[in-house]
Amino acid sequence: MKTRITEMVGIKYPMMLSGMSWISTTKMVAAVSNAGGLGILATGPLNSAQTRVAISEIRKLTDKPFGANASLMFPGAAENAKVLLQEKVPVINFALGKGDWIVKEAHKYGGKVFATVVNIRHAKRAEDYGCDAVIATGQEAAAHGEDVTSLVLVPHLAENLKIPVIAAGGFADGRGLAAALALGAEGIAMGTRLMTTKESPLHDNYKKMTMEKEVYDTLFSKRFDGILCRVMKTDGAKRAMKRGLNLPAAFFNSQEIARQIGVPYFKLFIGVLLSGWSNARQLAFMANAFKAIKLATEDGDIQKGVLPVGQNQGLIHDEPTVAELFARMVVEAQKAQAKVNAALA
Amino acid sequence: MYNTAITKMFGIKYPIICGAMMWLCKPRLCAAVSEAGGMGNLTAGNYETADEFRAAIRETRKLTKKPFMVAITLLPSVRITPEHHKMYVNVCAEEKVDGIEFSGTPLDKVAGMEAVEMLKKAGVKMFHKVGALRHAKHAEKIGFDGIYAAGIEEGGHPLNDDVTSMVLTPKIASSVKIPVVTVGGIADGRTMAAAMALGAEGVMMASRFIATKECEVHDNIKQELIRRQEFETVIYGKSIGLQGRGLKSKVLEEVLAIEARHGGFEELIPLLSGQKVKEAWETGDVDYAPLMVGQSIGLINDIPTCKELLERMAAEAGESLAKANKACNG
């Protein structure tokens, strides 16, 4: 295939992996890149030393372009982003924050920077400070979308930006790929679809549930991690939403995070408090969400785990390899296009 | 020449259908859309007696020889009763209208299978607007001719399954045999091409048709739709079990505030009255009543005639397809 994104990054298919904590790991990233897409490493659960090791592991597993993400709202994310820059990672995808400094540094070595956005304001700002593409996240996406859906957001951004738009949210097959391209996107990002592939490290319990659950089996609320977040509708998720912010749990879970990212807990705690109450509350929310997502993805805990998924889980019924999926999607997209070409001739 | 299950069913040029809009889908706009090569809409709820409703159908027929849809909403309301619903169905059968867009409760549950049979015998094509596969399957089972698959982005009353068009259209299109029309998020040729790539045989638009020369609404409203962006609509009414999407406005902020403090139905009713909506359309005061438009308003930038709009959409759809084709075959 050939789009501005395949040309920019040097990949075969304009399809990228969303950076999903505990799923978009080194092997998964390499699998997606080796299959002709763009793998994105999720650095959320990693400290800077682990991030550096992960990058070198990916480089052993693939000689194809790949990327890594940085969710700037999380503690430790800026340090991870610095590692990505030092390691000259080809594509850096940042979200939930201002990444102008990342753009500046990445461009020095020819790296590309993609900003994840949910509306035209964020997208314009990202373009203004030099991002190379935006990832437009529709309401239907897993985790952090906002109200506007892909069908409306993608064409609106595509017509108002000069940089390419990558559509995220609702894409699981070739029909969706063809639709995204028709809307003016230059590529798509997939999380839910790619986490249900043979190479994905997602626990089997949740792969199975993703294949069984329907398009309406998700919850979309601020009560899971403090900002709008879409997760699989399970008893565990319903309980988490009902409970809302659990501060004592946040205290314990944030200690675990401190251990994980290699920051003394005292430093993290003070840092968070100094960031203001609303941010501290946000991070407390995130600390609990972090734990629940880990329980789902790694342990397959169907009681306490919570898994971010998109509405497109209802379109997913199998577990192909990544290479099978991409090849099939291109054929499906061409078939969908042939049908529309004939209808609209 | 376009060739989809919908253009063939009605013998029309473009698979573009106008959706129901209370107070706006009257003979003039309806005929303008049909004359432009799409399918206009005459919304039954505008008329309280059989005579008025029949007169409106005949008036439309004087304005156009081309086919048009009638919209019947099968939901309980203060003004429109179950008796009205039956009257609308009877008049449609007698007048042998081309097609009906039903929304709300399934027709067989409101008026029995005899109503379905009567319309079939009269040659009326029946479509049900749904937000879920289960409802589409029911419509198919009782003999409907097509499905309007309505995503959460639509203005009006999207189902509280909250599924978006990008996901709902392929879900339904791959699971029923009758044609699917995408509703919600459609405003131009790009979105139409996308819907068809997802498996739709046509598209339905409502908000887009408000900002056309032929729509009989105050000019302020048309200008407002050009100004406002896709994130300037809100979902309200969840607390009373009938969610709606409308333009962000003072009145809907008030509605949401009442809902947030668990205010009752009685407090909300005066703010949501249909009569006030009629006045708002006429006076152009967007803050006076809930104006039910969808996220597609972010894609509206001008006030064309219906003919200009449909011709442009066809050209845009062709261009965006050509670009997508090139990407996939490059």
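This is a predicted model: local features need pLDDT of at least 70, side-chain atom pairs count only at pLDDT 80 or more; totals for chains, interfaces and linings use all residues.
I take the radius of gyration over C-alpha atoms, and my globule rule is 2.2 Å times the number of residues to the power 0.38.

**Ground rules.** Residues are numbered from 1 along each chain as its sequence is written, and chains are lettered from A and ligands numbered from 1 in the order in which they are written.

**Chain A, overall.** I started with the globule rule. For 345 residues a compact globule would have a radius of gyration near 20 Å, and chain A, at 19 Å, agrees. Along its principal axes, the C-alpha trace of chain A spans about 65 × 45 × 40 Å. I find 15 helices and 10 strands in chain A; these are DSSP runs numbered from the N terminus, with helices being H or I of at least four residues and strands E of at least two. Next I looked at burial: a residue is buried if 20 or more other C-beta atoms lie within 10 Å of its own, exposed if 12 or fewer, and partly exposed in between, with C-beta atoms placed from the backbone. Of the 345 residues in chain A, 59% come out as buried. Two residues are in contact if their C-beta atoms, placed from the backbone, lie within 7 Å. Of the chain A contacts with a separation of 6 or more, 61% are between residues 24 or more positions apart.

**Where A meets B.** The contact takes 43 residues from chain B and 42 residues from chain A. On the chain B side, α8, α9 and α15 each supply at least two residues. Which element gives the largest share of that side? It is α15(B), with nine residues. By class I get 20 nonpolar, 16 polar and seven charged residues on the side of chain B that touches chain A. Here Ala, Val, Leu, Ile, Met, Phe, Trp, Tyr, Cys and Pro count as nonpolar, Asp, Glu, Lys and Arg as charged, and the others, Gly among them, as polar.

**Helix α8(B).** I checked residues 165-173 of chain B and found nine of nine buried. K171(B) is one of the buried residues. The buried residues pack against α7 (150-160) and α8 (174-182) of chain A, and also against α7 (133-141), β6 (146-150), β7 (180-183) and α9 (189-197) of chain B.

Most residues other than glycine have a negative phi. D162(B), in the loop between β6 and α8 of chain B, has a positive phi of about 60°. D162(B) is buried, because 21 other C-beta atoms lie within 10 Å. W23(B) also has a positive phi, about 75°, and sits in the loop between β1 (16-18) and α2 (27-35) of chain B. With 18 other C-beta atoms within 10 Å, W23(B) is partly exposed.

**Domains of chain B.** I have domain 1 (5-217 + 299-325) and domain 2 (229-295), with bounds from an automatic or database domain assignment. Their C-alpha centres lie 23 Å apart. The contact takes 16 residues from domain 1 and 13 residues from domain 2.

**L291(B).** I found L291(B) in the loop between α14 (274-283) and α15 (306-329) of chain B. Buried or exposed? L291(B) is buried, with 27 other C-beta atoms within 10 Å. Not counting residues up to four places away in sequence, L291(B) touches residues including L247(B), V277(B) and V286(B).
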